[in-house]
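The sequence and the structure come first.

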Amino acid sequence: MRTLVAGARSNLGRWRLLRSRGSSATMATVSALGTFAGAAAGLSGTPTSSQVGWATLASAITGLLTYRAARGNMSRGGIAGVSTGIGHSAPFLAPPATRGFTGRSQELGKLEAAVKTVRQGTSAETPVALVTGQGGIGKTALVVKLAHRLRRRYPDGLLYIDLRGTSGAPVTATAALITFLRALGVTGENMPSREDELCNMFRARLTGASVLVVLDDAPDEATVRMLVPNEPSSAVLVTSRQSLTALETTVRLRLDVLSAEDGVGLLRTIIGADRVKREPGMAQEIVRLCGGLPLALRIAGSRLGARAEWGLADLVTRLVDEQHRLSELTAGDLDVRASFQLTYQALSESARQTFLLVNSLDLRTFPAWVVNAIHAEASLDELLDAHLLEVDGRDLARQVRFRTHDLMRQFARERLRDEVERGIVVTALARVVAGYYSLARDYSPFIQTRVRDQSPRLVPSQQPAGEVTLPVDSDLALKWFDSERSNLVALVEKSHHEGIWEYSWLLSEAMVGYLAYRAHWSDWKHVYAWALDSARRTGDEHAETVCLRRTGDVFHLLGEWDRAQESFTRALGICDRLGDRLGSADCHFGLGRILRLGRWPEALEEFFRALEIYQDLDDAYGQLDALSSIGDVYHLQRADEEAITYLERAITLAADKGDMRTEAFCLLQLGDVSRRQDAVRALRLIKSSRRIYARLDDSRGQARTIVREGELWLAKKRLRRAQYCFERALEIFDLLGDRWWHAVAAQGLGEVHLAHHRWRKAIECFEVCIVVFTELRSPRAQAVQAGLDQALSRVNAY
């Protein structure tokens, strides 16, 4: 009896929902059910016979028989399948599930779990799940998929409505409530006129019922709140391009783009597995060009499906051109550009301009201060809430970084040409570059490098509009440069293209110490190609000589020695004409470094000229460079006494100035000199040098010490240890792109193989390094050639 009573009470609300639609049969059923529930309540305890009247008992039995019949109907078809006398049944308003829905298993699981938790009775509130994300990300497809999956859990119906929140004319709460009430059987004469009355009727009709409500493309929190039932057995799924931060939710889910695997899977469901299997690489490229955006991928698949004669490569060819990519991503009523336009037009005027200017920078990710520098009054929150900017996590310097989808960035470029004057674009770029320059100048003193900063500070009028407030210390310096490296390089080139010549070379100069420290030679070469041209366009000869010396340095490091010598020679001529003695000394020193690789007497002549000028100018750091380099050349000439004299002078001066890098270099050179006389002392000096380089986090310096240690073990015939050292150093120099030291390590490893009679391996090593040494006219080439000839003769003998 207790079970029957409980069941009657729990189903009474659902039958009342059907009675509201006007069925006389249903009304009789509900009446009988109510009679049984009420009458049987008196029998559910332990009543005595005197407490129970025959009329009450008869009423309960009559109601019970009717209820059993009604419950039988419910169990056979569920409430959704029960028709009223005028043809009404539980509404199911959801659109068809998207064909070929792929991926999103974790997102579906998270949403379903949130709804399931409430239905299990762990909450007394109506569950509200909010799905947000940019246009075309697949929000509607996801919630419709989930709605179909949950259909049986909500037997009293599914109410779906597109609120058109981004259309410019969103559906009002009043209009949505009328739509829902009509679906629930409320006729025109019974429809309230006021919004609050509509809301009350909507919630009353759903009392005790189990209905799933789907609110697609919601415009704001207020509209959603009016459409949430006051019934924990129901649930609400909401999608929006806005974050709806004030909405009370059970779970929030921000959709991101599809993974490469899921993106290919989506293409496979649309065009068939065979076509994807024939061109798997092209399928992956389509996913990349579409940025993993489901709408773009669905359009791409639809176009391929309509063009059986096309290969996937044909579509890739069309999509590669960024200028026309958005025009290619349209099929019927599906259009990526139109989808983006809906979000864009809903922004405030200030946010629209900021969005366009941020994307004019062509930066993949950027910190928040960049937005403030572009537009001091811009609201970053508005762009984030609209999902036009997405959070990309925190970088190594603990800055929150933001990004824009690749296709959205292309959309912004299109709008930029039509909506923003070029002068405004250039001004915004100048502000951002000035901000980066300011920060780079603040952080560069903490980078342990021998590179001099030759740039003057910008005047206050050139500082960014928004104050850049970042902590400045040695721990963050490298992390900041590592995080911003790609942006710094991109902005040097961008400044050059936009005719902001001064900023192009100044920013290059502010970051060159970091590029030298991290051995980013290709970036160094790239930025100074733009910087040198910019300096010449400004007519600033001082800037031109600085850029020439920088290009000479990087050409030297990359092994382009003829170009390096040309750069230093041209810079020297300008410095001498301008009377720039410090610049002239730096040029002599640069020429000495090139000549040191094989033309030692000429190298010494250049180093001594530089040392004389540095001493006249009382330039301690210049003297350190010259002294250590002179000692190094004497060491190469096997003039050990002279080498020790100059190296010890350099070590003493380096210790006085706290120049750990020069100290480490000179200790390494002293160790190399000592190994011809005292191997134990030599190893101690080499390891001391390595410890200093390790403290400086200088991988190149550490690798050089490993090469010197390998040479020491090779001389002592400890071949296994020598081989380990050379192979380890080769890996590091290969990653750094250092041709000279890579060749030195390869020579050492070739000698090890030669000693082990591994002739072919020795040949491989010697062939690698002899090209470099011959090009440099280095004496090492003769020794390598002798080893190569020996190995070749042994191989030919077999």
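## Aromatic pairs and selected helices

Tyr646 is buried, with a relative accessible area of 17%. Burial here means a value under 20%, so the 17% of Tyr646 falls in that class. The model is a predicted one.

**Overall picture**

The protein has 798 residues, and buried residues make up 54% of them. Its secondary structure comes to 36 helices and ten strands. Of the contacts between residues at least 6 apart in sequence, 69% join residues at least 24 apart. The accessible surface comes to about 35100 Å², and 49% of this belongs to carbon and sulfur atoms.

**Aromatic pairs**

A pair of aromatic rings is described by the distance of the centres and the angle of the planes. The structure holds 15 aromatic pairs. Two of them are set out in the table.

| Pair | Centre to centre | Angle between planes | Arrangement |
|---|---|---|---|
| Tyr436 and Trp480 | 6.2 Å | 45° | tilted |
| Phe608 and Tyr646 | 6.0 Å | 75° | edge-to-face |

Tyr436 belongs to helix 20 (residues 422–443) and Trp480 to helix 21 (residues 474–497), so this pair links distant parts of the chain, 44 residues apart. Both Tyr436 and Trp480 are buried. These two residues also belong to a cluster in which ring pairs link Trp369, Tyr436, Tyr443, Trp480, Phe481 and Tyr514.

In the other pair, Phe608 lies in helix 27 (residues 600–616) and Tyr646 in helix 29 (residues 640–657), so the contact ties together parts that are 38 residues apart in sequence. Are both members buried, or is one of them partly exposed? Phe608 is partly exposed, with a relative accessible area of 30%, whereas Tyr646 is buried at 17%.

**Charges over rings**

Arginine side chains also meet aromatic rings. The charged end of Arg307 sits over the ring of Trp310, at 5.8 Å from the ring centre. Arg721 lies over the face of Trp713, and here the distance to the ring centre is 4.8 Å.

**Helix 31**

Helix 31 covers residues 679–695, which is 17 residues. At 1.5 Å a residue the helix should span 24 Å, and its end C-alpha atoms are 25 Å apart, which agrees. After the helix comes Asp697, whose phi is positive, near 55°.

The buried residues of helix 31 are Ala682, Leu683, Leu685, Ile686, Ser689, Arg690, Ile692 and Tyr693. An α-helix has 3.6 residues a turn, so residues three or four places apart point the same way. The buried residues of helix 31 pack against helix 30 (660–674) and helix 32 (699–715).

**Helix 12**

Helix 12 (residues 294–306) has 13 residues and should span 18 Å at 1.5 Å a residue; its end C-alpha atoms are 18 Å apart, which agrees. Its buried residues include Pro294, Leu297, Gly301, Arg303 and Leu304.

**Asp156**

Where is the place of Asp156? Asp156 is in the loop between helix 5 (139–149) and strand 2 (158–162). Asp156 is buried, with a relative accessible area of 0%. A polar atom of its side chain lies 2.7 Å from the backbone nitrogen of Ser210.

Definitions and conventions. Residues numbered from 1 in each chain as written. Predicted model: local features only at pLDDT ≥ 70, side-chain atom pairs only at ≥ 80, totals over all residues. Heavy atoms only, no water. Phe/Tyr/Trp six-rings, centres within 6.5 Å; stacked < 30°, edge-to-face > 60°. Helix = DSSP H or I, 4+ residues; strand = E, 2+ residues; numbered from the N terminus. Buried < 20%, exposed > 50% of the residue type's maximum accessible area, 1.4 Å probe, protein only. Lys NZ or Arg CZ within 6 Å of the ring centre and 35° of its normal. Expected span 1.5 Å × (residues − 1). Contact = heavy atoms within 4.5 Å. Polar contact = N/O pair within 3.5 Å; in protein donor to acceptor, adjacent residues only side chain to side chain. Areas by Shrake-Rupley, 256 points an atom, 1.4 Å probe, with all protein chains shown as cover.
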